[in-house]
Amino acid sequence: MSDFAELILEGKSYKLPIVVGTEDEKAIDISSLRAESGFITLDSGYKNTGATTSAITYLDGEEGILSYRGYPIEELAEKSSFIEVSYLLIYGSLPTAAELDAFSKRIKRHMLVNEDMRKILDGFPSAAHPMGILSALVSSLTAFYPESLKSNQTKDEMDLSMIRLMAKLSTIAAWSFKNSNGQRINYPKNKLDYCSNFLHMMFSDPTEDYEVNPVVVDALNKLLILHADHEQNCSTSTVRLVGSAHASLYSSVSAGISALWGPLHGGANQAVIEMLEQIKADGGDSKKFIAKAKDKNDPFRLMGFGHRVYKNFDPRAKIIKKTADDVLSALGIKDPILNIAKELEQAALTDPYFIERKLYPNVDFYSGIIYRALGIPTEMFTVMFALGRLPGWIAQWKEMREQKEPIGRPRQIYVGENTRKYVPIEER
Ligand code: SDX
(Lines give C-alpha, C1' and ligand atoms only; values in the text may rest on other atoms or scores of the structure.)
Protein backbone atom coordinates (compact mmCIF):
# COMPACT_ATOMS: atom_id res chain seq x y z
CA MET A 1 0.00 0.00 0.00
CA SER A 2 1.29 3.49 -0.92
CA ASP A 3 2.50 5.64 1.98
CA PHE A 4 0.58 8.55 0.49
CA ALA A 5 -3.00 9.42 -0.46
CA GLU A 6 -3.36 11.44 -3.66
CA LEU A 7 -5.93 14.25 -3.72
CA ILE A 8 -6.81 16.01 -6.97
CA LEU A 9 -8.12 19.55 -6.33
CA GLU A 10 -8.94 21.94 -9.14
CA GLY A 11 -6.79 19.85 -11.46
CA LYS A 12 -3.78 19.80 -9.15
CA SER A 13 -2.46 16.69 -7.40
CA TYR A 14 -1.57 16.69 -3.69
CA LYS A 15 0.16 13.79 -1.91
CA LEU A 16 -0.85 13.43 1.75
CA PRO A 17 1.07 11.06 4.07
CA ILE A 18 -0.76 7.97 5.38
CA VAL A 19 -0.37 7.15 9.10
CA VAL A 20 -0.83 3.51 10.24
CA GLY A 21 -1.43 2.68 13.94
CA THR A 22 -0.48 -0.31 16.10
CA GLU A 23 -3.72 -2.13 15.27
CA ASP A 24 -3.47 -1.22 11.56
CA GLU A 25 -5.87 1.75 11.81
CA LYS A 26 -5.20 4.13 8.95
CA ALA A 27 -5.36 7.94 8.68
CA ILE A 28 -4.57 10.55 6.09
CA ASP A 29 -2.36 13.26 7.63
CA ILE A 30 -3.86 16.53 6.33
CA SER A 31 -1.64 18.88 8.39
CA SER A 32 -0.10 20.33 5.18
CA LEU A 33 -3.37 20.50 3.18
CA ARG A 34 -4.36 24.15 3.77
CA ALA A 35 -0.85 25.55 3.28
CA GLU A 36 -0.46 23.65 -0.02
CA SER A 37 -3.98 23.82 -1.46
CA GLY A 38 -5.93 26.47 0.48
CA PHE A 39 -8.53 23.79 1.22
CA ILE A 40 -9.56 22.61 4.70
CA THR A 41 -11.69 19.56 5.53
CA LEU A 42 -15.12 19.73 7.20
CA ASP A 43 -16.42 17.02 9.58
CA SER A 44 -19.24 18.06 11.95
CA GLY A 45 -18.85 16.19 15.26
CA TYR A 46 -15.43 14.90 14.17
CA LYS A 47 -17.02 11.57 13.17
CA ASN A 48 -14.19 10.85 10.71
CA THR A 49 -11.42 13.03 12.11
CA GLY A 50 -8.56 11.99 14.38
CA ALA A 51 -7.32 14.69 16.76
CA THR A 52 -4.11 13.03 17.84
CA THR A 53 -2.05 9.87 18.09
CA SER A 54 -2.30 8.19 21.50
CA ALA A 55 -0.75 5.16 23.22
CA ILE A 56 -3.27 4.95 26.07
CA THR A 57 -6.49 3.22 24.93
CA TYR A 58 -7.46 1.24 21.86
CA LEU A 59 -11.02 0.51 20.86
CA ASP A 60 -12.47 -1.18 17.81
CA GLY A 61 -16.12 -0.22 17.36
CA GLU A 62 -16.90 -2.97 14.85
CA GLU A 63 -15.32 -5.80 16.87
CA GLY A 64 -16.32 -4.47 20.31
CA ILE A 65 -12.69 -4.38 21.49
CA LEU A 66 -11.45 -2.11 24.30
CA SER A 67 -7.96 -2.22 25.88
CA TYR A 68 -5.96 0.03 28.21
CA ARG A 69 -2.22 0.16 27.34
CA GLY A 70 -2.71 -3.16 25.48
CA TYR A 71 -4.51 -5.03 28.28
CA PRO A 72 -8.08 -6.20 27.32
CA ILE A 73 -10.79 -4.56 29.43
CA GLU A 74 -12.28 -7.98 30.24
CA GLU A 75 -9.04 -9.07 31.98
CA LEU A 76 -8.59 -5.81 33.86
CA ALA A 77 -12.23 -5.78 35.05
CA GLU A 78 -11.86 -9.35 36.29
CA LYS A 79 -8.35 -9.32 37.80
CA SER A 80 -7.25 -5.75 38.56
CA SER A 81 -8.26 -2.92 40.90
CA PHE A 82 -9.22 0.66 40.05
CA ILE A 83 -6.06 2.05 41.66
CA GLU A 84 -3.85 -0.42 39.76
CA VAL A 85 -5.63 0.45 36.47
CA SER A 86 -5.20 4.16 37.28
CA TYR A 87 -1.45 3.59 37.64
CA LEU A 88 -1.43 1.65 34.35
CA LEU A 89 -3.24 4.41 32.44
CA ILE A 90 -1.19 7.27 33.88
CA TYR A 91 2.31 5.72 33.84
CA GLY A 92 1.92 3.20 30.98
CA SER A 93 2.71 -0.12 32.67
CA LEU A 94 1.30 -2.35 35.41
CA PRO A 95 2.99 -1.45 38.74
CA THR A 96 5.13 -3.80 40.79
CA ALA A 97 3.78 -4.53 44.27
CA ALA A 98 6.09 -1.86 45.71
CA GLU A 99 5.06 0.71 43.08
CA LEU A 100 1.37 0.02 43.66
CA ASP A 101 1.80 0.30 47.42
CA ALA A 102 3.65 3.61 47.09
CA PHE A 103 1.07 4.98 44.62
CA SER A 104 -1.81 3.94 46.87
CA LYS A 105 -0.13 5.45 49.96
CA ARG A 106 0.55 8.75 48.11
CA ILE A 107 -3.12 8.95 47.14
CA LYS A 108 -4.27 8.26 50.70
CA ARG A 109 -1.91 10.93 52.02
CA HIS A 110 -3.54 13.58 49.84
CA MET A 111 -7.22 12.69 50.28
CA LEU A 112 -7.92 15.50 52.75
CA VAL A 113 -8.87 18.84 51.22
CA ASN A 114 -8.23 22.35 52.53
CA GLU A 115 -10.91 23.17 55.13
CA ASP A 116 -11.64 26.42 53.26
CA MET A 117 -13.17 24.21 50.55
CA ARG A 118 -16.04 23.57 52.96
CA LYS A 119 -16.90 27.29 52.76
CA ILE A 120 -17.26 26.97 48.98
CA LEU A 121 -19.30 23.80 49.42
CA ASP A 122 -21.55 25.45 52.00
CA GLY A 123 -22.24 28.22 49.49
CA PHE A 124 -24.11 25.80 47.22
CA PRO A 125 -27.85 25.35 47.76
CA SER A 126 -28.72 21.78 48.76
CA ALA A 127 -30.61 21.47 45.45
CA ALA A 128 -27.37 21.99 43.49
CA HIS A 129 -26.58 19.05 41.17
CA PRO A 130 -23.41 17.28 42.40
CA MET A 131 -21.83 17.54 38.92
CA GLY A 132 -21.99 21.35 39.12
CA ILE A 133 -20.40 21.23 42.57
CA LEU A 134 -17.72 18.78 41.36
CA SER A 135 -16.70 20.95 38.41
CA ALA A 136 -16.55 24.09 40.59
CA LEU A 137 -14.60 22.49 43.45
CA VAL A 138 -12.08 20.86 41.07
CA SER A 139 -11.47 24.24 39.45
CA SER A 140 -11.09 25.77 42.95
CA LEU A 141 -8.08 23.48 43.54
CA THR A 142 -6.08 26.01 41.51
CA ALA A 143 -6.69 28.47 44.37
CA PHE A 144 -5.32 26.09 46.97
CA TYR A 145 -2.43 24.92 44.77
CA PRO A 146 -1.46 27.96 42.65
CA GLU A 147 1.75 26.20 41.57
CA SER A 148 -0.52 23.98 39.47
CA LEU A 149 -1.10 27.01 37.21
CA LYS A 150 2.53 27.00 36.00
CA SER A 151 2.64 25.97 32.35
CA ASN A 152 6.26 24.83 32.77
CA GLN A 153 5.73 22.50 35.72
CA THR A 154 8.59 20.10 36.43
CA LYS A 155 7.86 16.38 36.10
CA ASP A 156 7.57 16.07 39.89
CA GLU A 157 5.28 19.13 40.16
CA MET A 158 3.01 17.71 37.41
CA ASP A 159 3.03 14.32 39.14
CA LEU A 160 2.05 15.88 42.48
CA SER A 161 -0.84 17.74 40.78
CA MET A 162 -2.04 14.43 39.34
CA ILE A 163 -1.77 12.57 42.66
CA ARG A 164 -3.61 15.37 44.48
CA LEU A 165 -6.45 15.25 41.96
CA MET A 166 -6.69 11.43 42.06
CA ALA A 167 -6.84 11.68 45.86
CA LYS A 168 -9.15 14.61 46.34
CA LEU A 169 -11.81 13.93 43.71
CA SER A 170 -13.34 11.06 45.71
CA THR A 171 -13.47 13.25 48.83
CA ILE A 172 -14.99 16.15 46.86
CA ALA A 173 -17.47 13.77 45.19
CA ALA A 174 -18.64 12.32 48.52
CA TRP A 175 -18.85 15.80 50.07
CA SER A 176 -20.97 17.04 47.14
CA PHE A 177 -23.39 14.17 47.84
CA LYS A 178 -23.54 14.97 51.57
CA ASN A 179 -24.13 18.64 50.73
CA SER A 180 -27.06 17.82 48.46
CA ASN A 181 -28.57 15.83 51.36
CA GLY A 182 -27.87 18.41 54.04
CA GLN A 183 -25.85 15.76 55.87
CA ARG A 184 -22.58 16.08 57.79
CA ILE A 185 -19.53 15.35 55.66
CA ASN A 186 -17.19 12.43 56.47
CA TYR A 187 -13.41 12.47 56.36
CA PRO A 188 -11.38 9.72 54.66
CA LYS A 189 -9.93 6.90 56.78
CA ASN A 190 -6.44 5.83 55.70
CA LYS A 191 -6.91 2.25 56.82
CA LEU A 192 -9.51 1.74 54.08
CA ASP A 193 -8.80 0.99 50.40
CA TYR A 194 -9.92 3.52 47.76
CA CYS A 195 -13.40 2.13 47.07
CA SER A 196 -14.17 1.34 50.75
CA ASN A 197 -13.02 4.85 51.68
CA PHE A 198 -15.34 6.41 49.13
CA LEU A 199 -18.30 4.35 50.34
CA HIS A 200 -17.43 5.29 53.94
CA MET A 201 -17.40 9.01 53.05
CA MET A 202 -20.67 8.59 51.17
CA PHE A 203 -22.67 6.52 53.66
CA SER A 204 -21.23 6.78 57.18
CA ASP A 205 -23.15 9.08 59.50
CA PRO A 206 -22.67 10.34 63.07
CA THR A 207 -24.67 7.41 64.44
CA GLU A 208 -22.64 4.64 62.80
CA ASP A 209 -19.81 3.93 60.37
CA TYR A 210 -20.68 2.41 57.01
CA GLU A 211 -20.12 -1.35 57.11
CA VAL A 212 -17.97 -2.30 54.13
CA ASN A 213 -19.64 -4.98 52.00
CA PRO A 214 -17.11 -6.83 49.79
CA VAL A 215 -19.76 -7.42 47.10
CA VAL A 216 -20.32 -3.67 46.86
CA VAL A 217 -16.59 -2.87 46.89
CA ASP A 218 -15.92 -5.43 44.14
CA ALA A 219 -18.77 -4.07 41.99
CA LEU A 220 -17.57 -0.48 42.48
CA ASN A 221 -14.00 -1.41 41.55
CA LYS A 222 -15.27 -3.06 38.38
CA LEU A 223 -17.49 -0.10 37.44
CA LEU A 224 -14.68 2.42 37.96
CA ILE A 225 -12.27 0.29 35.89
CA LEU A 226 -14.81 0.05 33.04
CA HIS A 227 -15.18 3.85 32.99
CA ALA A 228 -11.49 4.68 33.39
CA ASP A 229 -10.73 5.74 29.81
CA HIS A 230 -12.25 5.66 26.36
CA GLU A 231 -9.81 7.38 23.99
CA GLN A 232 -11.00 10.66 22.43
CA ASN A 233 -14.61 10.85 23.69
CA CYS A 234 -16.30 14.23 24.17
CA SER A 235 -15.09 14.92 27.73
CA THR A 236 -11.54 13.63 27.16
CA SER A 237 -11.26 15.72 24.00
CA THR A 238 -12.41 18.68 26.11
CA VAL A 239 -9.69 17.99 28.70
CA ARG A 240 -7.06 17.77 25.95
CA LEU A 241 -8.31 20.90 24.16
CA VAL A 242 -8.41 23.03 27.32
CA GLY A 243 -5.02 21.62 28.37
CA SER A 244 -3.53 22.43 24.95
CA ALA A 245 -3.83 26.12 25.92
CA HIS A 246 -1.53 25.23 28.86
CA ALA A 247 -4.41 25.64 31.28
CA SER A 248 -3.79 23.70 34.50
CA LEU A 249 -4.74 20.06 34.95
CA TYR A 250 -7.44 21.14 37.44
CA SER A 251 -8.98 23.67 35.01
CA SER A 252 -8.84 21.11 32.19
CA VAL A 253 -10.51 18.35 34.22
CA SER A 254 -13.11 20.80 35.53
CA ALA A 255 -14.06 21.47 31.89
CA GLY A 256 -14.11 17.72 31.20
CA ILE A 257 -16.54 17.22 34.11
CA SER A 258 -18.88 19.78 32.54
CA ALA A 259 -18.72 18.02 29.15
CA LEU A 260 -19.38 14.63 30.76
CA TRP A 261 -22.50 16.07 32.45
CA GLY A 262 -24.30 16.26 29.11
CA PRO A 263 -27.15 13.71 28.78
CA LEU A 264 -25.81 12.51 25.42
CA HIS A 265 -22.51 11.64 27.16
CA GLY A 266 -21.93 10.68 30.80
CA GLY A 267 -25.24 12.19 31.90
CA ALA A 268 -26.91 9.28 30.08
CA ASN A 269 -26.57 6.92 33.08
CA GLN A 270 -28.84 9.21 35.12
CA ALA A 271 -31.14 9.67 32.09
CA VAL A 272 -31.43 5.87 31.67
CA ILE A 273 -32.79 5.35 35.18
CA GLU A 274 -35.15 8.32 34.80
CA MET A 275 -36.33 6.78 31.50
CA LEU A 276 -36.84 3.32 33.08
CA GLU A 277 -38.71 4.89 35.98
CA GLN A 278 -40.88 6.79 33.46
CA ILE A 279 -41.67 3.54 31.62
CA LYS A 280 -42.48 1.80 34.92
CA ALA A 281 -44.74 4.67 36.04
CA ASP A 282 -46.43 4.60 32.63
CA GLY A 283 -47.37 0.92 33.09
CA GLY A 284 -44.16 -0.78 31.89
CA ASP A 285 -45.03 -1.03 28.18
CA SER A 286 -41.52 -1.05 26.67
CA LYS A 287 -42.88 -1.43 23.11
CA LYS A 288 -44.67 1.94 23.45
CA PHE A 289 -41.36 3.62 24.27
CA ILE A 290 -39.51 1.82 21.50
CA ALA A 291 -42.08 3.31 19.11
CA LYS A 292 -41.51 6.77 20.64
CA ALA A 293 -37.73 6.39 20.19
CA LYS A 294 -38.27 5.59 16.49
CA ASP A 295 -40.69 8.46 15.90
CA LYS A 296 -38.77 11.35 14.32
CA ASN A 297 -41.44 13.76 15.57
CA ASP A 298 -40.92 12.60 19.13
CA PRO A 299 -37.80 13.99 20.92
CA PHE A 300 -37.69 10.84 23.10
CA ARG A 301 -34.49 8.83 22.70
CA LEU A 302 -33.72 5.41 24.14
CA MET A 303 -31.10 6.59 26.62
CA GLY A 304 -28.23 4.15 27.09
CA PHE A 305 -28.54 3.02 23.47
CA GLY A 306 -26.26 3.86 20.58
CA HIS A 307 -22.65 4.93 20.42
CA ARG A 308 -20.50 7.05 18.16
CA VAL A 309 -17.85 4.32 17.87
CA TYR A 310 -19.35 0.98 18.91
CA LYS A 311 -21.42 -0.20 15.95
CA ASN A 312 -21.66 -3.63 17.48
CA PHE A 313 -21.82 -4.30 21.24
CA ASP A 314 -20.10 -2.09 23.83
CA PRO A 315 -17.82 -4.59 25.64
CA ARG A 316 -18.30 -2.66 28.87
CA ALA A 317 -22.10 -3.05 28.65
CA LYS A 318 -21.72 -6.84 28.48
CA ILE A 319 -19.58 -6.90 31.64
CA ILE A 320 -21.84 -4.42 33.47
CA LYS A 321 -24.99 -6.36 32.57
CA LYS A 322 -23.51 -9.53 34.14
CA THR A 323 -22.31 -7.54 37.17
CA ALA A 324 -25.82 -6.11 37.61
CA ASP A 325 -27.27 -9.62 37.79
CA ASP A 326 -24.51 -10.76 40.20
CA VAL A 327 -24.82 -7.74 42.52
CA LEU A 328 -28.63 -7.78 42.71
CA SER A 329 -28.70 -11.51 43.50
CA ALA A 330 -25.82 -11.22 46.01
CA LEU A 331 -27.61 -8.35 47.77
CA GLY A 332 -30.99 -10.05 47.45
CA ILE A 333 -32.46 -7.08 45.58
CA LYS A 334 -35.35 -7.44 43.15
CA ASP A 335 -35.36 -4.25 41.08
CA PRO A 336 -38.37 -4.12 38.71
CA ILE A 337 -36.61 -1.64 36.44
CA LEU A 338 -33.93 -4.28 35.70
CA ASN A 339 -36.64 -6.40 34.08
CA ILE A 340 -37.88 -3.39 32.12
CA ALA A 341 -34.29 -2.75 30.97
CA LYS A 342 -33.92 -6.34 29.76
CA GLU A 343 -37.29 -6.22 27.96
CA LEU A 344 -36.27 -2.92 26.33
CA GLU A 345 -32.93 -4.39 25.25
CA GLN A 346 -34.54 -7.48 23.75
CA ALA A 347 -37.22 -5.43 21.95
CA ALA A 348 -34.65 -3.01 20.54
CA LEU A 349 -32.20 -5.71 19.44
CA THR A 350 -34.89 -7.34 17.29
CA ASP A 351 -36.27 -4.08 15.85
CA PRO A 352 -35.08 -3.14 12.31
CA TYR A 353 -34.82 0.57 13.27
CA PHE A 354 -32.15 -0.20 15.89
CA ILE A 355 -30.52 -2.98 13.90
CA GLU A 356 -30.13 -0.81 10.77
CA ARG A 357 -28.64 2.03 12.85
CA LYS A 358 -26.46 -0.39 14.86
CA LEU A 359 -27.87 0.90 18.14
CA TYR A 360 -26.84 -1.37 21.02
CA PRO A 361 -26.81 -0.87 24.79
CA ASN A 362 -23.80 1.24 25.80
CA VAL A 363 -21.86 1.56 29.05
CA ASP A 364 -24.61 3.71 30.57
CA PHE A 365 -27.51 1.34 30.02
CA TYR A 366 -26.97 -0.98 32.98
CA SER A 367 -24.53 0.96 35.15
CA GLY A 368 -27.27 3.00 36.84
CA ILE A 369 -29.01 -0.20 37.97
CA ILE A 370 -25.87 -1.26 39.83
CA TYR A 371 -25.26 2.18 41.33
CA ARG A 372 -28.86 2.12 42.56
CA ALA A 373 -28.36 -1.34 44.07
CA LEU A 374 -25.22 -0.01 45.83
CA GLY A 375 -27.39 2.70 47.40
CA ILE A 376 -25.96 5.51 45.27
CA PRO A 377 -28.65 8.09 44.40
CA THR A 378 -29.48 8.87 40.77
CA GLU A 379 -28.05 12.40 40.85
CA MET A 380 -24.66 10.91 41.78
CA PHE A 381 -24.47 8.51 38.82
CA THR A 382 -22.59 10.88 36.53
CA VAL A 383 -20.31 11.81 39.42
CA MET A 384 -19.45 8.08 39.61
CA PHE A 385 -18.66 8.19 35.89
CA ALA A 386 -16.34 11.17 36.49
CA LEU A 387 -14.63 9.35 39.39
CA GLY A 388 -13.96 6.41 37.07
CA ARG A 389 -12.89 8.54 34.11
CA LEU A 390 -10.45 10.66 36.11
CA PRO A 391 -7.31 8.53 35.55
CA GLY A 392 -8.09 8.53 31.83
CA TRP A 393 -8.44 12.30 31.74
CA ILE A 394 -5.17 12.65 33.68
CA ALA A 395 -3.32 10.20 31.41
CA GLN A 396 -4.62 11.90 28.24
CA TRP A 397 -3.76 15.41 29.54
CA LYS A 398 -0.27 14.20 30.51
CA GLU A 399 0.25 12.59 27.07
CA MET A 400 -0.91 15.77 25.27
CA ARG A 401 1.53 17.91 27.29
CA GLU A 402 4.41 15.40 26.93
CA GLN A 403 3.78 15.27 23.16
CA LYS A 404 4.07 19.09 23.21
CA GLU A 405 0.91 19.33 21.12
CA PRO A 406 0.03 22.81 19.72
CA ILE A 407 -3.00 24.72 21.03
CA GLY A 408 -6.15 23.21 19.56
CA ARG A 409 -7.83 25.65 17.18
CA PRO A 410 -10.14 24.12 14.51
CA ARG A 411 -10.94 26.01 11.29
CA GLN A 412 -14.40 26.73 9.86
CA ILE A 413 -16.18 27.57 6.61
CA TYR A 414 -17.92 30.98 6.89
CA VAL A 415 -21.48 31.00 5.50
CA GLY A 416 -22.65 34.37 6.88
CA GLU A 417 -23.32 37.75 5.22
CA ASN A 418 -21.07 39.28 2.58
CA THR A 419 -19.25 42.49 3.58
CA ARG A 420 -21.75 45.29 4.18
CA LYS A 421 -21.63 48.92 5.37
CA TYR A 422 -22.66 50.01 8.90
CA VAL A 423 -26.08 51.78 8.88
CA PRO A 424 -26.74 54.42 11.57
CA ILE A 425 -29.62 53.44 13.85
CA GLU A 426 -31.84 56.33 12.68
CA GLU A 427 -31.66 54.95 9.12
CA ARG A 428 -32.56 51.30 9.96
C1 SDX B 1 -21.06 7.74 26.37
O2 SDX B 1 -17.67 8.59 22.90
C3 SDX B 1 -17.57 7.82 23.90
O4 SDX B 1 -16.71 7.00 24.00
C5 SDX B 1 -18.62 8.05 24.99
C6 SDX B 1 -18.65 7.05 26.12
C7 SDX B 1 -17.38 7.12 26.96
O8 SDX B 1 -17.02 6.11 27.57
O9 SDX B 1 -16.80 8.23 27.06
O10 SDX B 1 -18.78 5.74 25.62
C11 SDX B 1 -19.79 7.33 27.08
O12 SDX B 1 -21.26 8.91 26.18
C13 SDX B 1 -22.01 6.67 25.88
C14 SDX B 1 -23.25 7.28 25.13
C15 SDX B 1 -24.29 7.68 26.16
N16 SDX B 1 -25.39 8.43 25.50
C17 SDX B 1 -26.63 7.90 25.38
O18 SDX B 1 -26.94 6.75 25.72
C19 SDX B 1 -27.66 8.87 24.79
C20 SDX B 1 -28.50 8.14 23.72
N21 SDX B 1 -27.61 7.88 22.56
C22 SDX B 1 -27.58 8.85 21.52
O23 SDX B 1 -27.98 10.13 21.76
C24 SDX B 1 -26.52 8.59 20.45
O25 SDX B 1 -26.57 7.26 20.13
C26 SDX B 1 -25.10 9.01 20.74
C27 SDX B 1 -25.01 10.43 21.19
C28 SDX B 1 -24.49 8.13 21.78
C29 SDX B 1 -24.29 8.84 19.44
O30 SDX B 1 -24.77 9.77 18.55
P31 SDX B 1 -24.22 9.88 17.03
O32 SDX B 1 -23.05 8.98 16.83
O33 SDX B 1 -24.05 11.34 16.72
O34 SDX B 1 -25.38 9.27 16.20
P35 SDX B 1 -26.65 10.07 15.70
O36 SDX B 1 -27.21 10.92 16.82
O37 SDX B 1 -26.28 10.74 14.42
O38 SDX B 1 -27.70 8.88 15.44
C39 SDX B 1 -27.65 8.13 14.22
C40 SDX B 1 -29.08 7.66 13.99
C41 SDX B 1 -30.09 8.83 13.99
O42 SDX B 1 -31.22 8.39 13.23
P43 SDX B 1 -31.33 8.86 11.64
O44 SDX B 1 -31.21 10.39 11.64
O45 SDX B 1 -30.17 8.19 10.95
O46 SDX B 1 -32.68 8.37 11.21
O47 SDX B 1 -29.49 6.81 15.09
C48 SDX B 1 -30.56 7.44 15.80
C49 SDX B 1 -30.54 8.91 15.41
O50 SDX B 1 -31.85 9.48 15.55
N51 SDX B 1 -30.28 7.25 17.23
C52 SDX B 1 -31.20 6.93 18.15
C53 SDX B 1 -30.48 6.79 19.35
N54 SDX B 1 -29.16 7.02 19.14
C55 SDX B 1 -29.04 7.32 17.81
N56 SDX B 1 -32.54 6.76 18.07
C57 SDX B 1 -33.18 6.44 19.23
N58 SDX B 1 -32.55 6.28 20.43
C59 SDX B 1 -31.21 6.44 20.52
N60 SDX B 1 -30.58 6.28 21.69
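**A pocket and an aromatic cluster**

Good morning. The second largest pocket is lined by 16 residues, and those nearest its centre are Gln-153, Met-158, Arg-401, Glu-402 and Lys-404. This is a predicted model, in which local features need pLDDT of at least 70 and side-chain atom pairs count only at pLDDT 80 or more, while totals for chains, interfaces and linings use all residues. Residues are numbered from 1 along each chain as its sequence is written, and side-chain values use heavy atoms, with hydrogens and water left out.

On terms, a pocket is an open set of points on a 1 Å grid over the protein atoms alone, where a 1.4 Å probe fits, with protein on both sides within 12 Å along at least five of seven lines; lining residues have an atom within 4 Å of a point. The volume of the second largest pocket is about 300 Å³, taken as the space filled by probe spheres set on the points, which are joined across faces, edges and corners.

Which helix gives the largest share of this lining? Helix α7 does, with five residues. Both α7 (155-180) and α18 (381-402) supply at least two residues each; helices are DSSP runs of H or I, at least four residues, numbered from the N terminus. By class, the lining holds eight charged residues (Asp, Glu, Lys and Arg), four nonpolar (Ala, Val, Leu, Ile, Met, Phe, Trp, Tyr, Cys and Pro) and four polar (the others, Gly among them).

I turn to the rings. The structure holds 13 aromatic pairs, meaning rings of Phe, Tyr and Trp (its six-membered ring) with centres within 6.5 Å. Phe-305 and Phe-354 are edge-to-face (planes over 60 degrees apart), because their planes stand at 70°, with centres 6.0 Å apart. This pair joins distant parts of the chain, 49 residues apart: Phe-305 is in the loop between α13 (286-294) and α14 (315-330), Phe-354 in helix α16 (residues 352-356). Phe-305 has 11% relative accessibility and so counts as buried, under the cut-off of 20% relative accessible area with a 1.4 Å probe, protein chains only. Phe-354, at 3%, is buried as well.

Phe-365 and Tyr-366 form another edge-to-face pair, 4.9 Å centre to centre and 85° between the planes. Both Phe-365 and Tyr-366 are buried. Together with Tyr-353, the residues Phe-305, Phe-354, Phe-365 and Tyr-366 make up one aromatic cluster.

Finally, Ser-37 lies in helix α1 (residues 33-37). Ser-37 is buried, with a relative accessible area of 15%. Thank you.

Key:
Phe/Tyr/Trp six-rings, centres within 6.5 Å; stacked < 30°, edge-to-face > 60°. Buried < 20%, exposed > 50% of the residue type's maximum accessible area, 1.4 Å probe, protein only.
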